[in-house]
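Please view the structure first, then read the points below.

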Amino acid sequence: MEYCNFVETKIHKMSIANNIEKIQNTLPSTTTLVAVSKTKPNSDIIEAFNAGQIIFGENKVQDLVAKYEVLPKDIEWHFIGHLQSNKIKYLAPFVSLIHGVDSYKLLKAINKEAVKNNRTINCLLQVHIAEEDTKFGFSVNEITELLESGSINELSNIKISGLMGMATNTKDELQVRKEFCSLRDTFNNFKQTYFSNNEHFKEISMGMSGDYQLAIECGSTMIRVGSSIFGAR
């Protein structure tokens, strides 16, 4: 029985490496893969890391901190969940990118902790593109007002690296495509109007295991993939 378990484990671990290779082979050079490792054991992350995957995403602060403390320090950690202001201090020393910044209040709080840690923290502004009330995010008008006001320029220790969005959870491909394309168009508009001379504003984070190929067609530069790498949670 122990031998059978060992064989199953080896197959599972090999499949993680194979899944990463399969996905990477389909990605254009302009698209970055974020391996969503939430709920997954450290052994799975190590297997992915050994297969060449460097960027991992977590959606709970406590889990991310625990993994950061024991896993290789050259892993690039992204926070992809809904972030509460009082927990930023735990991520500020090391997080590489925060995907879902959905308020100016949160931006200010991130900047405050970045200053304390003598770091500049990269952030994506989350845009509400889905026809679902459960999704977080700025409206396009709210971001426009924020950029017009110049308030972001006062936050010296954050960099706005682009936009993030989550499509409606539906099997209607036309609906999802419309939402992804709207985020791309919003990005292009902001890039031209407010960030034309800013090389850091370059990411469109959209697309997950079920729709990342469609997201790439619509201009995604960063996909967040979990189950297609690690298996169902």
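The model is predicted: local features need pLDDT of at least 70, side-chain atom pairs count only at pLDDT 80 or more, and totals for chains, interfaces and linings use all residues. Residues are numbered from 1 along each chain as its sequence is written, and side-chain values use heavy atoms, leaving out hydrogens and water.

- The structure holds five aromatic pairs (ring centres of Phe, Tyr or the six-membered ring of Trp within 6.5 Å).
- One of them, Phe187 with Phe201, is stacked (planes under 30 degrees apart), at 4.9 Å centre to centre and 5° between the planes.
- Phe187 lies in helix H7 (residues 173-194) and Phe201 in the loop between H7 and strand E7 (203-205), so the pair ties together parts 14 residues apart in sequence.
- Helices (H or I, at least four residues) and strands (E, at least two) are DSSP runs, numbered from the N terminus.
- Phe187, Phe195 and Phe201 form one aromatic cluster.

**Loop position**
- Ser156 lies in the loop between helix H6 (140-149) and strand E6 (158-164).
- Ser156 counts as exposed (over 50%) because its relative accessibility is 56%.

Key:
Rings of Phe, Tyr and Trp (its six-membered ring) pair if their centres lie within 6.5 Å; planes under 30 degrees apart count as stacked, over 60 as edge-to-face and the rest as tilted. Buried means under 20% relative accessible area, exposed over 50%, partly exposed in between (1.4 Å probe, protein chains only).
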